Structure formats: C-alpha cells, structure tokens
Amino acid sequence: MNFTFVGQLNSPHLKWFAEGIKKELVAESYQYCEESAENIRMVLHFVNQDHMKPYRRKAQATFCVAVAETNAFPEDILKEGYPILIRTLSNLLIYIIHSPETLEAYFITLERGCYSVSYTDIDDQLFFSKVAKRLIPIASSRLVIDNEFHRDLPEELWNGDEISAQLGEAGRKLDALNLLPAPFPMEELLSPQDFRHVKRLFGIGGLSYGNLSARKKGQQFWMSASGVNKGDMREIGRDILLVAGYSEERNAMLLHIPPHIEPRRVSVDAIEHWMIYTRHPEVKAIIHIHAWMDGILSTEINYPCGTWELAKAVSDLVSRADDPSRAIIGLKNHGLTITGTSLEDIFERIDGLIIRQIPMT
Ligand SMILES: [Zn+2]
C-alpha cells in the first residue's frame, strides 16, 4: 500500500499534520511515494482554501483525502467542510480546526458523516495513531461500483412487473414520509467536467441519499438507480434496474436492461444489497435511508458507500440478527439498512421509530 502528498503545505498546521501522518503511515508499513502514479492507493491533498483546486485521480482505486485547516471554529462544520470535499473531488476531508488551546481533526465523508479525533495529552504520536486508525480502513476499502449492462431484458419486463411497481410505490411512500433528503447540489459547486469526473469515479450523480430494492427471483432483484428522484421512479433501465449479479472477475454489477434504453447506473449500494440477498434467501426487500433507530446493531467502521467492506460488514450483521429476514442494521455515521419479508413489512416495522438525527461517533 502506497501514498503520496499533493497540494501545498502553506501553513504550520498543515506542515505539522503532513509530517506526523507520514511518520505514522510509514510506521504502519505504508510506502511514501514522491509522486502520484497510476497505481497510487492514497493521495493526501493539502488544500489551499484561497485557491481551491480539484485533484483528478488517475484511477478509481485511488482514495483522495483532502486536508484543510482553519483557526475559526465553524458554526456548522459539515456545512463548511462538505463543499471543500466536493470541490477538491475527494473521498474524505480531514478538517483541522484549531485554537491556541485545542485541536480537532474532523473527518467529513461523502455520506455526510462528521466526527472528530481530538488532540489531547500533548502527545503527537497518540493523536496521529488515532487519526491513522480511522483513516486506514476506509482508505483501503475497495469500491464495487462498475456497471455491466446487458441489453437482453425480456420484452415482458420492459415496463417492469408487479415487484418493480411495488418498488416505485415504496419510493413514493419514503418521499411522503420525508425520508429522502434533497440531494446535495454538487453541480452548483463543480464545473461540468468535474461533475462528470465525480460521476464516473464514484458512480454517484448528485448524491441523492437512500435506496431500495426488492427481490425478483433467485438472486435477481429490482433496485433504484443512482441519483434519481426515488419519489418518482417509473422507467425500467433508468429509474429502476434489474440486478442480475456480481462479476468477481470484472468487479462489476451485472444489469439487464431493455435494448432501446440509455441506462442510468444502479445505486452504488447494489453490492451491499446483492450480498444480503445472496447470503439470506429469506430476505425479500431492503431499504436504506439516512436516519437512525434506537437499540440496533451497528457497524464499527464507516466504510464508504459502494465498497466490498461495507457490504460485508452490513451483511455479517444481518446474519447476527435474531431474524435476518427482518433485520435493522446501523451503518456507523451514515444511516440504516433494513431487511424485510416485503417492502410493506419494512414500513410497518419502522413506523414511528425513525430518528432523523444520525449519531456521529
Ligand atoms: Zn447511504
């Protein structure tokens, strides 16, 4: 595993952070490279907020961490930090907020996670080891977001079936319950070129939160597309896709679409749903929302959306649930994945129990 630095170390705090994290990562057997290469695994991008520039990674597997600093404690850290994350085209932002007395490194994720590591005990080594511990698992996780489209959906399914109609109905219900927050207006912050770059690399278009799916038969399932209004899903191949499986060889989700359609990509969490359906034949429907519930099992690491590791962590917890076909799993600093024997079953079980504020730890 290798890493490099880009950008400018134009403040004492950024310099201090660069030196400290480099020492810690090297101690953890990461290899520091002088330059960004095609096969670089992690890029730490030190951001000059007066001249914010995107860093364009050369491969999807490169994990970009923006590092920025401020000495003015923001009123709303997520609101201030999230645009830096988007503008620099990063996977994660580490936002160092310092005063003469305190220093906090806030982690801001694409899923709008926002949590911090505090500098305490005047101990650099302890601080950087805590930062690295939170950084390494997510930086080394593997995205599974490529889509392989097969234009062979049988004609009788071009307009969907009873199950895809139920999925559309469930999307309208989530919308009516106000459980589909408005997507972050990425396109307002990015040039068309950078917006395309983000879509291509992360498979996200506009970051519309939440997704839902329902099993068709065997391991095939209908699932919401990426970046669409889930409150108004109609068209097969554009709003709702039929996921046929996962190709390990090509690390891609396999989709059947009508031959005449210009398809949209399936939701980035298709790999997670696929793993749950494959491991748990009794699960018939899955809903993922950015909200929380009390007393639930939760993942311990906030792996990014669309990674194999997130899929595995959630699916492992589904296995540990009393009844895997009716599990409610917390995704740390992110949201909920709920399995059910039907979409209707899920709505009945969450009724009145949803907490909109996701705990950040
Ligand atoms: Zn999510």
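**View 1. Ser247 lies in strand S11.** The model is predicted, so local features need pLDDT of at least 70 and side-chain atom pairs pLDDT 80 or more, while totals for chains, interfaces and linings use all residues. Residues are numbered from 1 along each chain as its sequence is written, and side-chain values use heavy atoms, without hydrogens or water. Strands (E, at least two residues) and helices (H or I, at least four) are DSSP runs numbered from the N terminus. With a relative accessible area of 8%, Ser247 is buried (under 20%; exposed is over 50%, partly exposed in between; 1.4 Å probe, protein chains only). A polar atom of the Ser247 side chain lies 3.0 Å from the backbone nitrogen of Arg250. Setting aside neighbours within four places in sequence, Ser247 is in contact with Ala252 and Leu254 (heavy atoms within 4.5 Å).

**View 2. Nine strands form an open sheet with mixed pairing.** Follow the strands across in the order S8-S12-S11-S10-S9-S13-S16-S15-S14; two strands pair if DSSP finds at least two bridges between them. Strand S8 (146–150) and S14 stand at the edges with a single partner strand each, so one side of each has no neighbour in the sheet. Helix H4 (residues 162–176) packs on this sheet, where it touches strand S9 (211–217), strand S10 (220–224), strand S11 (240–247) and S13. The direction of H4 makes about 160° with that of S9 (axes are lines fitted to C-alpha atoms, for helices over the stretch in contact; angles run from 0 to 180 degrees between N-to-C directions). Elsewhere in the sheet, four bridges join S15 and S16 in the antiparallel sense, and Gly330 has Leu336 of S16 opposite.

View 3. His290 and His334 link distant parts of the chain, 44 residues apart. His290 sits in the loop between strand S13 (285–289) and strand S14 (297–298), and His334 in the loop between strand S15 (328–331) and strand S16 (335–340). How buried is each of these two? His290 counts as buried at 16% relative accessibility, and His334 is buried at 2%.

**View 4. Strand S3 (residues 42–46) is mostly covered.** Five of its five residues are buried: Met42, Leu44 and Phe46 point one way, Val43 and His45 the other. In a regular strand the side chains alternate between the two faces of the sheet. S3 runs parallel to S1, with five bridges joining the two, and Phe3 has Met42 as its bridge partner in S3. S3 also runs parallel to S4, again with five bridges, and here Met42 stands opposite Phe63. Strand S1 (residues 2–7) has five of its six residues buried, so the rest of the structure largely encloses it. S1 pairs with strand S2 (residues 31–32) too, in the parallel sense over two bridges, with Phe3 opposite Tyr32.

**View 5. The largest nonpolar core holds 61 residues.** A nonpolar core is a set of buried Ala, Val, Leu, Ile, Met, Phe, Trp, Tyr and Cys residues joined through side-chain atoms within 4.5 Å. Which members touch the most others? Phe17, Ile21, Met42, Leu44, Val65, Ile94 and Val131 do. Helix H3 (residues 124–139) gives the most to this core, with eight residues. Beyond four places in sequence, Leu44 is in contact with residues including Phe3, Phe5, Phe17, Ile21, Val65 and Val67. Another core, of 29 residues, lies apart from the largest one, with Ala214, Leu242, Ala285 and Ile350 among its members.

**View 6. Helix H2 (residues 77–87) is largely enclosed by the rest of the structure.** Why enclosed? Eight of the 11 residues of H2 are buried, among them Ile77, Tyr82 and Pro83. The buried residues of H2 pack against strand S4 (63–70), strand S5 (92–98), strand S6 (103–109), strand S7 (114–118) and helix H5 (186–189). At its N-terminal end H2 is capped by Asp76, with a side-chain oxygen 3.3 Å from the backbone nitrogen of Leu78. Just after H2, Leu89 takes a positive phi of about 60°.

Note on methods: A polar contact is a pair of N or O atoms within 3.5 Å; within protein, one must be able to donate a hydrogen and the other to accept it, and residues adjacent in sequence count only if both atoms are side-chain atoms.
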